[in-house]
Amino acid sequence: MGHQHGSTQLLEDRPPAPTQNSGNASTATPPALQRLWADDVDTATDALSRAYSAVTVLPDPGAKTLRMEVATCKLPNLTLGSLEISTSTVRSSRYPLIAVCLPIGGQILITSSCGSARVADGSAVVVSPGNPVLVEYLTDDCCMETLLFEQSSVEAELAGMLGAPVTKPLRFDLQFSLSAPSPFSRALTLLRNELADPAGLTAVPAMSRQLGRLVMTGLLVSQTHNYTEALTRPPAVPGSKPIRNALELIESQPAEIETAADIAAAVGLSVRALDDGFYRYVGTPPMAYLRQVRMARAHEELLAVDPEQTTASAVARKWGFGHYGRFAAEYARRFGRKPSETLRALSD
C-alpha cells in the first residue's frame, strides 16, 4: 500500500476546520486526534490500554529504555491509529475488537489462537476478537497503522451484504496480503485523504459513518473469513415460506418467544418440521438461532445505553437470559469482553 516509515497521516497535526455555511449555518469539526507518549513500562501500558484495550507491556530485557508514541482518531464506527514503539512485547488476555494492523516500519510478530503472522514488508494482520493476543515488536523501529472495529458493526455490515443474519461469530484469517490493490486499500486511501482535509467528509458525522462502512465492506471482500464462501455464492432464499416466516418472527420478537413450540405454532408447523427446516436451510436449531439473535440485541443495547441508568444483568434479563453467569460467559466468548466492560466502554 506504499507505506513509508513516519508517513501515516494520523501523526500529523491538523488545523481546525473552517465553518461551513449551506442553508443552515453549521460548523464542520474533524475527528479529534489523541496523541500519547511514554518512556517507561507503566506509562506505556496505560497509554496502549487507553488507545487499544487492556494490555500488559513487557520491555526487552536487553534494552535500556522503552520508547513509544501512539496516536488515535475516533470515527463513529471505527478508530484509526498509528503506533511507534521500540523493542518490547505486548499482551492482551482477550482482545475485544477486530483489529487490522498495517505495516509502516520494523518487524512485528502477532500471535493468536489462529497462529502467528508478521506485520512487515507488504503483509498485514487481521486480529479477530475473543482470544489472547501476543504482539512482539522485534526491532527498535517498529511502526504500524491500526484500524479498530467493534465486531457488531462489521457483522451488521456483513449481514446486509449476505441478506441474512450472521449466526456465528465472524472470524478473519490472520495474515492479510497487501501485494495487490484491493477494495480495502482503495477505501482506506479515500478515508486517509478525507482525514487529511480539515473540511473533508470525516468532519461530517453522517458522511464519516458512511466512509467507515465503506472500509468495513472493503475488508469483508478483500480478506478471507469464515463467511467468504457465503458472500461469493449466489444469494438463496432460506427455505420454505414457513421457515422464512419463522426467521422474521425471531428477528422481530426475540424477547417474547419462550419455546420452539411457540415458533412452530405461529408459522403453522409441527416442532419436528420446524427443526428439520432450520437444520436444512439455516444450519442451526431454531432455539439456538433465537439465542444468537438475543445475544446480538443485548450487545447492541449494552453499546448504546447509559451505564448510570441500567446494569448488564438487567439488559441480559430484558433479552431473555435468566442466568447471568452463563450469559456473561457466552457473551465473552463471542465479543471478547465481559458485558459489564461493554457497558462501561461508553463512558470511558
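Colleague: What makes Asp121 count as exposed?

Modeller: Exposed means over 50% relative accessible area, buried under 20%, and partly exposed in between (1.4 Å probe, protein chains only). Asp121 has 70% relative accessibility, so Asp121 counts as exposed. Asp121 sits in the loop between β10 (115–119) and β11 (123–127), and its phi is near 55 degrees, a positive value in a residue other than glycine. Most residues other than glycine have a negative phi.

Please keep in mind that this is a predicted model, where local features need pLDDT of at least 70, side-chain atom pairs count only at pLDDT 80 or more, and totals for chains, interfaces and linings use all residues. Residues are numbered from 1 along each chain as its sequence is written, and side-chain values use heavy atoms, with hydrogens and water left out.

Colleague: Why is Thr146 called buried?

Modeller: Its relative accessibility is 2%, so Thr146 counts as buried. Thr146 belongs to strand β13 (residues 142–149); helices (H or I, at least four residues) and strands (E, at least two) are DSSP runs, numbered from the N terminus.

Colleague: What makes the pairing of the Thr146 and Tyr52 side chains a polar contact?

Modeller: A polar contact is a pair of N or O atoms within 3.5 Å; within protein, one must be able to donate a hydrogen and the other to accept it, and residues adjacent in sequence count only if both atoms are side-chain atoms. The Thr146 and Tyr52 side chains make theirs at 3.3 Å.

Colleague: How do you know that Thr342 is buried?

Modeller: The relative accessible area of Thr342 is 0%, so the word buried applies. Thr342 is part of helix α12 (residues 339–345), and its side chain has a polar contact of 2.8 Å with the side chain of Tyr331.

Colleague: Why are α2 and α4 called roughly perpendicular?

Modeller: Angles of 65 to 115 degrees count as roughly perpendicular, under 35 as roughly parallel, over 145 as roughly antiparallel and the rest as oblique. Axes are lines fitted to C-alpha atoms, for helices over the stretch in contact, and angles run from 0 to 180 degrees between N-to-C directions. The axes of α2 (residues 151–162) and α4 (residues 205–222) cross at roughly 70 degrees and come within 10 Å. The two helices are therefore roughly perpendicular to each other.

Colleague: Which residues of α2 and α4 meet?

Modeller: Contact means heavy atoms within 4.5 Å. Ser153, Val154, Glu157, Leu158 and Met161 in α2 meet Arg213, Met216, Thr217, Leu220 and Val221 in α4.
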